[in-house]
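Open your viewer, pick a cartoon view, and get ready to select residues one stop at a time. We will go from helix to sheet, then on to rings and loops.

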Amino acid sequence: MRLVLKPLFEAELTPDFAEVIKGKLLGKEVKTGEKVVVELIGEPLHFKVLLAEPSPLKVDKSTKIEFSTGDLDVINIEFGKEVDDVITFGKGFVILLGNEVVVLSKEGQKVYSEEFKSLKGIRVTEDLVVVIHGSGVKIIRP
């Protein structure tokens, strides 16, 4: 479980600060795209949730918290196996991992995943993903 937060205030944040924020968010549910407020020494600290994986995410001790700063938002996603291809479309990305198809939103949130025995190809439009497999196709409308 992972949580990427963008501070909506100016400050240099140390890696130890992530543990402080985790302590304040323990047991709370957060969603990708929402804003959260953490009270620290009587001051409200505002963050934007760039990624909650999964979304919604209930923060617990195993949740990994990262901070993104500046105007550039960078999200790293690890799949645990080799990425064979990435195909972009209007609503996000399709990641090919061998015979597995993973569809991600623009924010990097997984919206669909399935492994196919006989994957032959992928085609995308602005809002559709078509998986060609075996003797048929599967149309995914994220």
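This is a predicted model: local features need pLDDT of at least 70, side-chain atom pairs count only at pLDDT 80 or more; totals for chains, interfaces and linings use all residues.

Residues are numbered from 1 along each chain as its sequence is written, and side-chain values use heavy atoms, leaving out hydrogens and water.

**Stop 1: the helix**

Helices (H or I, at least four residues) and strands (E, at least two) are DSSP runs, numbered from the N terminus. Select residues 15-25 to see α1, which lies across β1 (2-7), β3, β4 and β6 and runs at about 100 degrees to β3. Such angles run from 0 to 180 degrees between N-to-C directions, with axes fitted as lines to C-alpha atoms, for helices over the stretch in contact.

Now show the side chains of F17, A18, I21, K22 and L25, the buried residues of α1. Buried means under 20% relative accessible area, exposed over 50%, and partly exposed in between (1.4 Å probe, protein chains only). Look down the axis of α1: its buried residues fall within an arc of 150 degrees, so they line one face of the helix. That arc is taken from the directions from the helix axis to the C-beta atoms. An α-helix has 3.6 residues a turn, so residues three or four places apart point the same way. What covers the buried residues of α1 includes β1, β3, β4 and β6, where contact means heavy atoms within 4.5 Å.

**Stop 2: the sheet**

In what order do the strands of the open sheet stand? The 4 strands follow the order β3-β4-β1-β6, with mixed pairing. Two strands pair if DSSP finds at least two bridges between them. Select 35-40 and 64-67: these are β3 and β6, which stand at the edges with a single partner strand each, so one side of each has no neighbour in the sheet. Neighbouring strands here are turned by 35 degrees against each other on average, direction ignored.

Zoom in on E39 to find P44 of β4 standing opposite.

**Stop 3: the rings**

Rings of Phe, Tyr and Trp (its six-membered ring) pair if their centres lie within 6.5 Å; planes under 30 degrees apart count as stacked, over 60 as edge-to-face and the rest as tilted. The count by this rule is 3 aromatic pairs. Select F9 and F47: their ring centres are 5.3 Å apart and their planes are at 80 degrees, so this pair is edge-to-face. F9 sits in the loop between β1 and α1 and F47 in strand β4, so the pair ties together parts 38 residues apart in sequence.

Is F47 buried or exposed? F47 is buried, with a relative accessible area of 0%.

**Stop 4: the loops**

Select I41 in the loop between β3 and β4. I41 is not a glycine, yet its phi is positive, about 55 degrees. With 80% relative accessibility, I41 counts as exposed.

Move on to the loop between β4 and β5 (57-58), where P54 is found. The peptide bond from E53 to P54 is cis, with omega near 0 degrees. P56 is placed in the loop between β4 and β5 too, and the peptide bond from S55 to P56 is cis, with omega near 0 degrees.
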